Structures are given as C-alpha cells and as structure tokens.
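The sequence and the model come first.

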Protein chains: 2
Amino acid sequence: MAATAQKTPRVGRPPKEAKDKGEKGENILNAAEELFALRGYDGVTLRAVANQAGVDVALINYYFGSKSQLFDTVFERRAQVLNQGRLVALEQARQQAQPEAISVEKIIEAYLKPLAVAQDSEDSGWKNYCALLAYINNSAVWGPQLMGKHFNKLADSFIEALKLALPHSSDADLYWCYHYMSGALTLTFANTGRIDKMSKGACRSDDFKAAYERMIPFISAGFHQVCNK
Amino acid sequence: MAATAQKTPRVGRPPKEAKDKGEKGENILNAAEELFALRGYDGVTLRAVANQAGVDVALINYYFGSKSQLFDTVFERRAQVLNQGRLVALEQARQQAQPEAISVEKIIEAYLKPLAVAQDSEDSGWKNYCALLAYINNSAVWGPQLMGKHFNKLADSFIEALKLALPHSSDADLYWCYHYMSGALTLTFANTGRIDKMSKGACRSDDFKAAYERMIPFISAGFHQVCNK
DNA sequence: TATTAAATTCATCGCTTGTTGAATTGTCAA
DNA sequence: TTGACAATTCAACAAGCGATGAATTTAATA
C-alpha cells in the first residue's frame with residue numbers, strides 16, 4: 001500500500017532470527033544426526049526423529065522442509081566446523097615450517113587432528129557425525145554430490161600443500177593417495193565396532209587415540225612411498 | 001496311515017536340487033545385488049528388485065524368504081569366492097617365498113589382487129558387490145555382524161602371515177593397520193565417482209588398475225612404518 | 001492320460017511412510 | 001485487552017511397504 005514503507009509495518013510477535021531455530025531445532029538436528037548415522041537416509045523415519053527429539057512430526061517440515069533437506073542440513077552443519085578446524089591447523093603448520101614447505105607428516109596431522117579432537121569432545125554428536133561421514137563417503141548416491149559440495153575445496157588446499165612437500169609427484173598419485181587416506185579415516189572413525197570383534201579385544205573402536213597415533217605414520221609413509229619416487 | 005512307510009511314496013514332479021534356484025533365482029540375486037549396492041538395504045524395495053529381475057514380487061519370498069534373508073544371501077554369495085581367491089593367492093605367495101616368510105608386499109598383493117581381478121572380469125556383478133562391501137563395511141548396523149561372519153576368519157589368516165613378516169609388531173599395531181587397509185580398499189573399489197570430480201579428471205573411479213598399483217606400495221609402506229619399529 | 005507337486009501369479013492384507021492443511025496455543029505489539 | 005502472527009499440534013491424506021494365502025500354470029511321473 002504505502003510505497004514509502006519498504007519494510008512491512010511490523011505487528012504481532014516478531015520472527016526469531018532466521019538461522020536460529022531454537023532449542024527444538026537443535027534437538028531435531030541432533031536426533032536426525034544420530035539416527036541417520038546409524039541407519040542411513042532410508043532407514044530413518046521422520047517419526048523416529050520426532051520421537052527422539054521430543055517434538056511433533058509436523059514441526060520437522062515446518063523448520064527444515066523435506067526429509068532430504070533435513071539430511072542436507074545435518075550434514076552441512078558440522079562440515080563447516082570440521083573444515084575450518086583443518087584449515088586453521090594447516091595454516092599453523094605452515095607458519096611453523098616457514099620458510100620451508102610443510103612436511104607430509106604435519107599436513108596429515110592437520111587433516112586428522114580436528115576429527116580426533118572432535119571425537120574426544122564432550123559433544124557426543126561428533127561421534128555420530130563421523131559415522132554419517134563414513135556412510136555418505138561410501139555411498140554412490142550421496143557421496144559425489146555431498147562430499148564434493150562440502151569437502152572438495154578443502155581437498156584442494158591439502159593437495160596443494162602436499163604437492164609442495166612432494167614435488168616429484170603427479171596429480172594422479174596425489175589424488176589416489178588422498179582417496180586412500182579418506183577411506184581409512186572414515187572407516188576408522190565410523191566406530192562400527194568391527195575391529196573389536198576382529199582383533200579379539202586387542203583394539204577398541206572407541207579408542208581414537210590409538211587409532212589416531214598410528215594413522216599418521218601409516219598414511220604419511222604411504223604418501224612418501226607412492227609420491228616420492 | 002501306513003506306519004511302515006517312512007518316506008511318502010514319491011509321485012508327481014520331483015523337487016529341484018535345493019541349492020539350484022534356476023535362472024530366475026540368479027536374476028533376483030543379481031538385481032538385488034545391484035540395487036542394494038546402490039541404495040543400501042532400506043533404500044531398496046522388493047518390488048524394485050522384482051521389476052529389475054523380471055519376476056513377480058511373491059517369487060522373491062518363495063525363493064529366498066524375508067528381505068533380510070535375501071540381503072544375507074546376496075552378501076554371502078561372492079564372499080566365499082573372494083575369500084577363496086585371497087587364500088589361494090596367499091598360499092601361492094607362501095610357496096614362492098619358501099623357506100623365507102612372505103614379504104609384506106606379497107601379502108598385501110594377495111589380499112588386493114582377487115578384488116582387482118574381479119573388477120575387470122566380464123561379470124559386472126563384481127562391481128556391484130564391491131560397492132555393497134563398502135556399504136556394509138561402513139555400517140554400524142550390518143558391519144560387525146556380516147563382516148565378522150564372512151571375513152574375520154580370512155583376517156586371521158592374513159594377520160598371521162603379517163605377523164611373520166613383521167615380527168616386532170604388536171597385535172594392536174597389526175589390527176589397526178589392517179583396518180586402515182580395509183577402509184582404503186572398500187572406499188576405492190566402491191567406485192562412487194567422487195575421485196573423478198575431486199581430481200578434475202586426473203583420476204577415474206573405474207580405473208582399477210591405477211588404483212590397484214598404487215595401493216600396494218601405499219599400504220605396504222604404512223605397515224612397515226607402524227609395525228616395524 | 002491322470003495325478004501330483006513344484007513353480008508362478010494374483011489379489012489383498014495391515015501397517016508405515018512423507019507430507020500437508022486446518023486448528024490450536026503462546027507471546028509480543030499496539 | 002485485543003489483534004496479529006509465529007510456534008506447535010492434530011488429524012488425515014494418498015502412496016507405498018513387506019508379507020502371505022489362495023489360485024493358477026507347468027511339467028515330471030505313473
């Protein structure tokens with residue numbers, strides 16, 4: 001009506017901040033994260049999520065739209081945090097190595113450490129997220145799209161650093177090794193419990209410190225062997 | 001009626017061999033394998049399997065029982081073949097190395113080669129099976145149970161060989177490294193297509209030869225580094 | 001050919017799914 | 001207090017699910 005009023009004359013209860021869905025929104029995301037991580041996209045019903053989050057089913061659609069949009073939101077939420085942690089760690093390693101190139105070991109460490117730290121945090125949601133990451137990374141349906149969308153840019157940063165540390169390597173060498181690293185990492189932190197049975201007690205799935213401190217030399221040695229000839 | 005007749009006097013059409021479900025049974029298993037590999041257990045409906053196999057839905061239950069029994073059957077079918085191939089390769093390596101212990105490289109090769117060969121066979125079902133393996137290996141629901149049931153005995157054989165090649169290593173070292181290998185292997189051969197996008201064409205998911213020939217030195221170097229101190 | 005049972009199809013059951021529009025409740029602004 | 005709108009609940013929808021018992025077809029025996 002009033003051409004001068006660009007903002008609608010605000011009346012009634014104001015909406016919350018767009019990004020802040022409040023406590024119930026958090027509950028929904030946490031419940032969805034845990035269930036998606038355990039059973040995958042199709043193994044989870046919105047009613048199960050609602051039940052675990054302690055909210056009505058319809059509220060999920062109201063907040064997050066369709067089921068697949070909820071899935072996207074859950075996956076995106078911690079991807080940002082994880083990547084930021086990795087990039088900060090990589091930058092710190094760069095500072096310390098100056099003016100030399102960062103060593104392969106330090107690069108791998110920067111890549112792995114934020115995930116290992118997250119696993120030991122009081123926020124148990126990170127454990128679920130790691131399992132979700134394994135599910136998506138190994139899925140032909142979700143993998144290329146979601147991993148690409150949220151992790152390819154990060155991969156470029158680390159590949160670039162590795163290229164400086166291993167100047168005689170080809171792109172194919174680097175990317176394949178990066179892929180091996182990704183597979184070893186996601187399965188290990190997926191915490192499926194398989195290694196417990198397989199090793200008859202010698203290893204525990206939730207002993208992330210043991211997994212982490214061996215993975216760095218394992219992966220580093222692999223990179224050196226393949227990319228340094 | 002006749003207490004003397006323990007066997008019913010056989011008349012009419014005799015049943016087929018118990019294990020032989022015929023061509024339609026094969027079609028069902030192949031269709032289920034492909035769909036389960038792509039979409040996971042809950043992402044596949046029996047109607048989709050029936051449709052792809054060109055049979056009626058009810059026939060699946062008639063042949064294979066419930067949906068989860070079908071899933072078990074699909075997974076078990078090639079697990080036997082794969083393990084047999086690995087054990088034969090390991091035994092051949094043992095013969096060639098005598099009286100020395102088999103080298104780490106040869107052990108890894110025996111572990112990887114049957115899968116790489118299967119990928120290149122004319123039977124495209126193996127590609128699907130590799131993706132299914134990745135799905136199950138990374139699933140907290142299916143992983144411990146199915147992987148344990150079909151692959152733990154094989155793991156013991158290879159761990160034993162590795163222990164001889166790396167006499168200074170602890171059980172924890174060996175099992176963790178084995179786990180890293182398993183993760184790298186299953187993601188790589190899952191053929192999700194992620195590396196194609198990530199590497200901007202430098203690598204192709206279906207180039208199993210490239211993946212295979214780099215994975216052997218990568219994994220071997222990792223084992224030496226962690227288990228040989 | 002008549003008999004028998006396996007192989008296959010058909011129709012349907014009870015239940016769950018994601019989604020949505022209407023109704024209700026709660027809370028801030030006027 | 002009242003009007004307005006966000007937040008939340010409720011009830012129901014059409015579609016699809018796994019499963020199954022009955023009916024039908026097929027083929028080997030007698």
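In which crossing, left-handed or right-handed, does α1(A) pass α6(A)? The crossing is left-handed, a term used when the near helix is turned anticlockwise from the far one by less than a right angle (right-handed if clockwise).

## Basis of the model

This is a predicted model, in which local features need pLDDT of at least 70 and side-chain atom pairs count only at pLDDT 80 or more, while totals for chains, interfaces and linings use all residues. Residues are numbered from 1 along each chain as its sequence is written, and chains are lettered from A and ligands numbered from 1 in the order in which they are written.

## Chain A

Chain A has ten helices and zero strands; helices (H or I, at least four residues) and strands (E, at least two) are DSSP runs, numbered from the N terminus. The C-alpha trace of chain A spans about 70 × 55 × 30 Å along its principal axes.

Of the 229 residues in chain A, 47% are buried. Buried stands for 20 or more other C-beta atoms within 10 Å of the residue's own, with C-beta atoms placed from the backbone. Among contacts in chain A with a separation of 6 or more, 66% join residues 24 or more positions apart; a contact requires C-beta atoms, placed from the backbone, to lie within 7 Å.

## The α1–α6 pair in chain A

Helices α1 (residues 22-39) and α6 (residues 125-137) of chain A pack at an angle of about 45°, with their axes 8 Å apart. Axes are lines fitted to C-alpha atoms, for helices over the stretch in contact, and angles run from 0 to 180 degrees between N-to-C directions. α1(A) and α6(A) are therefore oblique to each other, since angles under 35 degrees count as roughly parallel, over 145 as roughly antiparallel, 65 to 115 as roughly perpendicular and the rest as oblique.

On α1(A), the contact is made by N30(A), E33(A), E34(A), F36(A), A37(A) and L38(A). α6(A) contributes G125(A), N128(A), Y129(A), A131(A), L132(A) and Y135(A).

G40(B) sits in the loop between α1 and α2 (46-53) of chain B. G40(B) is buried, with 27 other C-beta atoms within 10 Å. Leaving aside neighbours within four places in sequence, G40(B) is in contact with G40(A), D42(A) and Y135(B).

Across the interface, 55 residues of chain B are in contact with 55 residues of chain A. α8(B) gives the most to the side of chain B that touches chain A, with 15 residues.

Terms used:
Contact = placed C-beta atoms within 7 Å. Buried ≥ 20, exposed ≤ 12 C-beta atoms within 10 Å, placed from the backbone.
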